[in-house]
Amino acid sequence: RLPRSGSRARRHPAQASSSAAMRSLGLVQAVLGVFLSFGTSASCTDCGQNNLLLRCGRRAAVTREADETAKKPPPDLDQDDGANSGREHQSGWYSLFWCPPHSHQKEAYQVPLPGNSFVPVLASYPPGNEDITQAIIVIHGAPREAEGYFETMVRIVQQQKREDHTLVIAPTWADKACSAGDWSIRVGDGVSLDAQAPYWTSLQRWMYGGPADRGNSSSFEVLDSMVDWAQVNYPHLRRLVVTGFSAGAQFLIRWAAMSPEGAYGVTMRKFLPLVIIASSPSTFLYLSEERPDSACVPDEDQGQYWSCNGFSVPSLGQDCDSKWNQYASGLGGLHWRASSPGHTRYVANKYLQKSIGATSNAEVSKQIRGRWATKDVRFLFGAMDTKNCDVGACSNECEHMLTGKNRLQRGLNFMSHLAREFPAMQPLWGIFNSGHDAFVAYLSYHFTLWALPYANTLYKVTDRMVIDQGVSKGNYTDRFYAAWECMDKCDTTWGCTSFTYNHRVGHCHLKEKCVTPSSPIVSPDSELFENQTYWKECLPTGVSP
């Protein structure tokens, strides 16, 4: 676990179509994506789901991603949720998966799977690169827009000056047929030109470890293969980070609970450190039968400092027709006779049995809980991700509404749940100053600290910038500066003890002000709310450094 190096990196409060059409649409997408990459997501606030691509471009599909379960309720996991041969998902999301890739053919690779199959992958460096010491596997969201997430993460790694040794990998859980020869002209080891990618037309099946439309493998097996592939193909790899946002985070939480990867904080093949970062999910996998009491799910927004102190088993009439604890909202039904072959719960359980081997639901739940307690799973939530799920911002299914009325509230309630269930291992989580925005989440202090760590641990950081900033010691606004570069600037500037920093633009303003944990900060509705103050302890008067 990382030490707490700032007031915001805190533990829980309880402890402290056709090819022509594709090309035309892709051109519009590319032009809009370039335009939007220099702005913020504010211009996309009113994007409707079906108009998202044309009105907001690729980046908006990543950063303004609504929850894929919002428009339609997910099917019962014991019912056949079928297949949709069209390009529009059952939930109303328009697919953004292209085969071959729209903009990144040079970075396209295939990861082999059993049965003449493969995973479509984008990678920032080719296999065999000996300079790579760290890899970030980024999971796409509902529209399957791996290219957008790949571009975002590569850009962030470059801004943090970590591109020489950091590999970015973006796999795709496809939603249509794609052959290895179509995906990339470079066919990898163990992959034939006619190999086919597994695909999931159902978003819920993908998110919850369900079977592919082609074949019967679990979506979780794809990520296991990615973790293993990275270790085999990059010989000097020393650390892995797996991260997902929104629907990708929902997938990631279930994978973290079900996969043997990450137990005791390491990978299975080489025992490398494995950090799992789930950002802004709208649903969670509860690890006991208890759910937040009604007092913990008020209709009004309670803010980023909310915590829940009351949990209980839902009473009759409030238990969602006895489905409140069924997988994938809880651990119920995870045993070998849970459902029929080919359905999500059956396939997820079959996947689970490969590493657990228990048959009763009680024993399965016990082993999942025990393994979770050894994993390095961290969470990010948007301070303004507070739109009520009843109006379609996120899943409004009964079992999920029991856990909170908006994403932020649900996330903080889940942190309280983990703190209650695992008192010896309090959850590690952080807040970023935005709504449902992947770009801001991945630029945040917490993500860069956890995924791209820097050795300087002297600095702490405030939630928002301090009001009294003191005397200026210099400004660095000519380009994007990583936070660690600003730390170095301050450390080498006489009299500098703090600096104001904006993670979105990468500008730092050095200050002589001695900041303390009690220094007043600007209000959340201030136009300067995105700025934060980094500070280090001042020496007492008269003491030489």
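Reader: Is Tyr476 buried, partly exposed or exposed, and what is its relative accessible area?

Author: This is a predicted model. Tyr476 has 22%, so it is partly exposed.

Reader: And where does Tyr481 fall, buried or exposed?

Author: Tyr481 is buried, at 5% relative accessibility.

Reader: How is a pair of aromatic rings described?

Author: By two values: the distance of the centres and the angle of the planes. The structure holds 19 aromatic pairs. Take Phe381 and Trp429 as one case. Their centres are 6.3 Å apart and their planes meet at 50°, so this pair is tilted. Phe381 belongs to strand β9 and Trp429 to strand β10, so the pair ties together parts 48 residues apart in sequence. Both Phe381 and Trp429 are buried. Tyr476 and Tyr481 also pair, with 5.6 Å between centres and 70° between planes, which is edge-to-face.

Reader: Which aromatic cluster includes Phe381 and Trp429?

Author: One formed by Phe284, Tyr286, Phe379, Phe381, Phe414 and Trp429.

Reader: Which charged residues sit over the rings of Tyr481 and Trp535?

Author: The charged end of Arg479 is over the Tyr481 ring, 3.9 Å from its centre. Lys460 lies over the face of Trp535, 5.4 Å from the ring centre.

Reader: Now helices. Which residues of an α-helix point the same way?

Author: Those three or four places apart, because an α-helix has 3.6 residues a turn. Here, look at α6, residues 219–233. At 1.5 Å a residue, its 15 residues should span 21 Å; the end C-alpha atoms are 22 Å apart, which agrees.

Reader: How many residues of α6 are buried?

Author: 11 of the 15, so α6 is largely enclosed by the rest of the structure. Among them are Phe220, Val222, Leu223, Met226 and Trp229. At the start of α6, a side-chain oxygen of Ser218 comes within 3.1 Å of the backbone nitrogen of Phe220.

Reader: What should I check in the backbone? Where are cis peptide bonds?

Author: Look at omega. The bond from Cys99 to Pro100 is cis, with omega near 10°. Pro100 is in the loop between α2 and β1. Tyr327 and Ala328 are also joined by a cis bond, with omega about 25°. Ala328 lies in the loop between β8 and α8.

Reader: Which residues other than glycine have a positive phi?

Author: Asn116 is one of them, with phi near 55°. Asn116 sits in the loop between β1 and β2, and is partly exposed at 38% relative accessibility. Arg144 also has a positive phi, about 60°. Arg144 lies in the loop between β3 and α3, and is buried at 1%.

Note on methods:
Residues are numbered from 1 along each chain as its sequence is written. This is a predicted model: local features need pLDDT of at least 70, side-chain atom pairs count only at pLDDT 80 or more; totals for chains, interfaces and linings use all residues. Side-chain values use heavy atoms; hydrogens and water are left out. Helices (H or I, at least four residues) and strands (E, at least two) are DSSP runs, numbered from the N terminus. The expected span of a helix is 1.5 Å times one less than its number of residues. Buried means under 20% relative accessible area, exposed over 50%, partly exposed in between (1.4 Å probe, protein chains only). A polar contact is a pair of N or O atoms within 3.5 Å; within protein, one must be able to donate a hydrogen and the other to accept it, and residues adjacent in sequence count only if both atoms are side-chain atoms. Rings of Phe, Tyr and Trp (its six-membered ring) pair if their centres lie within 6.5 Å; planes under 30 degrees apart count as stacked, over 60 as edge-to-face and the rest as tilted. A charge sits over a ring if NZ of Lys or CZ of Arg is within 6 Å of the ring centre and within 35 degrees of the ring normal.
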